[in-house]
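Good morning, everyone, and thank you for making time for this. I would like to walk you through one protein model, going from the overall picture to a few single residues.

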Amino acid sequence: MALVSDPGPAVYNNYDDSSSNCPTSSPRPIDHDDLPLSPPKPRKRVNFSLSPATITDLSSSPKGPTSTPVRQKSILKASTLTQVPSPKGSSQISFGLDAYCSFTAMLHAMCAALGADDKHTKLDIYLTLNSAIRGLKAYPDSNVLVEKTPLLVNYIKRDIEFPSDSLDGCESRVMIQAFKLFSFLCSNGQVVHVVDASVAAWILNKSVSAIENPEIKKSLLTCHLSFLASQRLASPKIFTHEHANRVLDASMKIHTRSKGIEGHCYHLFETLLDLAPAIMLARADDWVGLVIQTSFSGSSAMQSKAIIPLRISSRLFLGSKEFSQTVHDALMGPTDEGVCVFDSCYRHIEGLFKNKHEDHVLHLWETLIVLLMCWGKRPFEKLDKWQGLNRWLEVFRRCINSTDLSVRSRAILAWQKLGYVWLTAQTIVNDTDISKRRMGILLSVFKFLHDSRPDTVAAFTSTFSKFACLILRPGLVTSKTGTSEFATRQSEFAWQQLVVPVISDICLQYNSTFALGTTLLQHTLVSSGKSWSPKSEADVCFGTVAPEDIPGMNSKWTRSNAEKVLDVVSKVFAAAKTDDDRKLAMNVWTAFLKNVHSVMQREVRQSAESTEAIAAVCNFLKRYLQSDNMIPETFEVLVTSSIDMFGIMTFTEKPFANDDYDNFVPIGSPSRNAYTGDGVVLNINSPLIRLMRMLVTSPVQIPKDSRNGYESCVSGIAKYAASMFSSQRKMVCFLTALLGMIGGVAVSNERTDEMAERVSGADCALCAWTASFSCVVEVLSEVDIADEWVKKLISAAMSAAKK
């Protein structure tokens, strides 16, 4: 998670302007990660022009150019810079940034000038270098900067060797600017690796000793603190545990000197957490209480700085009982006045809300939730037993109900941290009642789903995806539960406690959230074979999750609970009102079929669970066929996609019986077979033939504008099914059975009139039925089949029509 802090305060305002040895200079303001230059001034832009000066005979050796450069006025003076004419053929050094054709030319010139060791120009050289390297976002000649870094480091060491407490005027400012340049080199990932380790260790020791000196001037102290906070000398041989302890001790002593010093100390805590996390964990008692109280009660600038070490710690020490215990003790312990720290801090919440600092409140809220997830060594000493939890949840309630919509969406994202704490594998397995109660609380934020604003929808999408990932993430198996059993419990819990309440009961009830619900359902039904492997628990807690990252329901669970899943899918098709909605519904249907097929395709012989899943699919098709919003084109796609996924034999050779509600029920042995001749037997109770019979005799009135779609649906299904047979004889038998089925259907005059209404221009429904197979007959006539088979097919169709 990206941590953002406010820019540091202005520093270095104690310069002795009365010094006659050095001109006055005023560098530009800095970014947060840079060491300070001087009091804030308008930003100076770096722009290398292609004209004015050409640098000649510039040596890169420490000895510098052949002639000593003349003393220049400060580059930050308002007056125009002029140069004293130098002897013919000598090198010319300009401190105006526009005077160089490239960054490389300027760097060569400045290194040569530093090599000359002219005390009159050092300050301007360092100021020019600091302005240039911080003014560029990218370095066009980064290789040259890497090449020159060892040389610059040696010059810097030379210019800061004298004791810090004895400096005045220009010497002090030279040292500050040299430290600024060294700080940049030690914090830049491109060049820090070429900094000489011995020189870096020497300068580091000098800075640590300087901040321990109680008599050091504020300007120099700030310089050293800035360097220590920005350096990344991670080698244990350079920045040791001894250094970390000394820096932490000094920070706790000097943080009260000024607001600027205090801000640098919090920045130092960030650096120590990065370079010496073991020390910061072992000595958490020394600094945690300070940052907690400042995060609540400090000034606005200090609040934003103090909370950053806490947020880093929540990720770095996630799940650490020792650190959580320290945070709990610091939060619930007494202040100097004898009041509970949390009670004292809680009083400042009202002021934060009043000053519109809701974002800071949410940062505090989610950070403490994560830090207190396991605050004691005993099993029950977790977040639920924290005395301040109810008041802390009340803080969230105020944020989620804020009239500022950006605060509301930010609060929904912060709610994910509580989901991480509560949705653990151990809880799901051992105590489902507690998990259900927790889910009831976690899902309370989804009452705002009717808010269709993009930020809110994006926050809900991320939150649902995070909850699904926390429940369904693979690889979490307890010692008492096997992999298969735990995966089944995961899917059951996710479906009953997350999918149904959010998608079925909320999303599908509003037109504005239909697309969101179907998208989330589609990705949830994706096969569990999809990989989702975060690198660490911190990635699970703090990482951003999209619907595509949801691991997906367990395939075996989906197959065993196909009827339950298809009940929700039926609601999706019932809520689809437009063509775009129906496309989204078809995506859900396809995801379900692929999920079930992923486990069925591994079976050598179809199992009883798979047969029951096919029966559930057929029952879904029957319910859709008999629904008021049935669309022939959609029904055709549903049937053909099922045939394509599970195979034509599954729908033509598997026998199914009827229950009391005329639903498909799998049976163990075939019943009522139809003999078609030549030894081919076709089961007339197979799913496809029964579905086609229902399609012909369906009582649903087809809209007039769908008549052509109805004809296309009937012939399209038959044609697609026929094309799926690998045997031409089975194909002809199937079509013959379909046509012969019509003759066995008793059609009353009233029903004939209803069927006639469906097909415009047809004399009777059976003629329309026969006509709907004309395209199939044409296909058969093009196949190399004996003539008698084609004649038999046409004869059967005509005889059925005459009846």
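Before I point at anything, one term is needed: a helix here is a DSSP run of H or I with at least four residues, and helices are numbered from the N terminus. In that sense Leu625 lies in helix H27, which covers residues 608–625. Please also keep in mind that what you see is a predicted model.

Let me begin with the whole chain. The secondary structure comes to 36 helices and four strands, and of the 803 residues of the protein, 54% count as buried. If we take the contacts between residues at least 6 apart in sequence, 74% of them join residues that are at least 24 apart. The protein exposes about 35500 Å², and carbon and sulfur atoms supply 50% of that area.

Now let us turn to the interior. In soluble globular proteins, nonpolar side chains tend to be buried together. In this model the largest nonpolar core has 222 residues, and those with the most contacts inside it are Trp287, Trp392, Phe446, Trp589, Phe592, Phe635 and Leu688. Helix H4, residues 169–187, gives the most to this core, with eleven residues.

Which residues does Trp287 touch, if we do not count those up to four places away in sequence? They are Leu248, Met252, Phe269, Leu273, Met280, Pro309, Ser313 and Phe323. Trp287 is also part of a cluster, in which ring pairs link it with Tyr266, Phe269, Phe317 and Phe323.

That brings me to the aromatic rings. A pair of aromatic rings is described by the distance of the centres and the angle of the planes. A search of the whole structure finds 22 aromatic pairs. One of them is formed by Phe317 and Phe323, which are tilted, with 4.8 Å from centre to centre and 40 degrees between the planes. Both Phe317 and Phe323 are buried. Another pair, Phe656 and Phe664, is edge-to-face, at 6.2 Å centre to centre and with 75 degrees between the planes. Phe656 counts as buried because its relative accessibility is 1%, and Phe664 counts as buried because its value is 3%.

The charged end of Arg391 sits over the ring of Tyr346, 5.4 Å from its centre, while Arg398 lies over the face of Phe353, at 4.2 Å from the ring centre.

Leu695, for its part, is 70 residues from Leu625 in sequence, yet the two are 7.1 Å apart in space, C-alpha to C-alpha. Leu625 is itself buried, with a relative accessible area of 1%.

Leaving aside neighbours within four places in sequence, Ser324 is in contact with Leu371, Leu372, Cys374 and Trp375. Cys374 counts as buried, because its relative accessibility is 9%, and Cys223, at 1%, counts as buried too. How many disulfides does the structure hold? The number is zero.

Asp117 is found in the loop between helix H1 (103–115) and helix H2 (122–135). Its phi is near 55 degrees, which is a positive value in a residue other than glycine, and at 40% relative accessibility Asp117 counts as partly exposed. Lys356 has its place in the loop between helix H14 (349–354) and helix H15 (358–371). Lys356 also has a positive phi, of about 60 degrees, although it is not a glycine. With a relative accessible area of 63%, Lys356 is exposed, since the cut-off for that is over 50%.

That is where I will stop, and I am glad to go back to any of these sites.

Technical notes
Residues are numbered from 1 along each chain as its sequence is written. This is a predicted model: local features need pLDDT of at least 70, side-chain atom pairs count only at pLDDT 80 or more; totals for chains, interfaces and linings use all residues. Side-chain values use heavy atoms; hydrogens and water are left out. Helices (H or I, at least four residues) and strands (E, at least two) are DSSP runs, numbered from the N terminus. Buried means under 20% relative accessible area, exposed over 50%, partly exposed in between (1.4 Å probe, protein chains only). Contact means heavy atoms within 4.5 Å. Accessible areas come from the Shrake-Rupley method with a 1.4 Å probe; for residues, only the protein chains shown count as cover. A nonpolar core is a set of buried Ala, Val, Leu, Ile, Met, Phe, Trp, Tyr and Cys residues joined through side-chain atoms within 4.5 Å. A disulfide is a pair of cysteine sulfur atoms within 2.5 Å. Rings of Phe, Tyr and Trp (its six-membered ring) pair if their centres lie within 6.5 Å; planes under 30 degrees apart count as stacked, over 60 as edge-to-face and the rest as tilted. A charge sits over a ring if NZ of Lys or CZ of Arg is within 6 Å of the ring centre and within 35 degrees of the ring normal.
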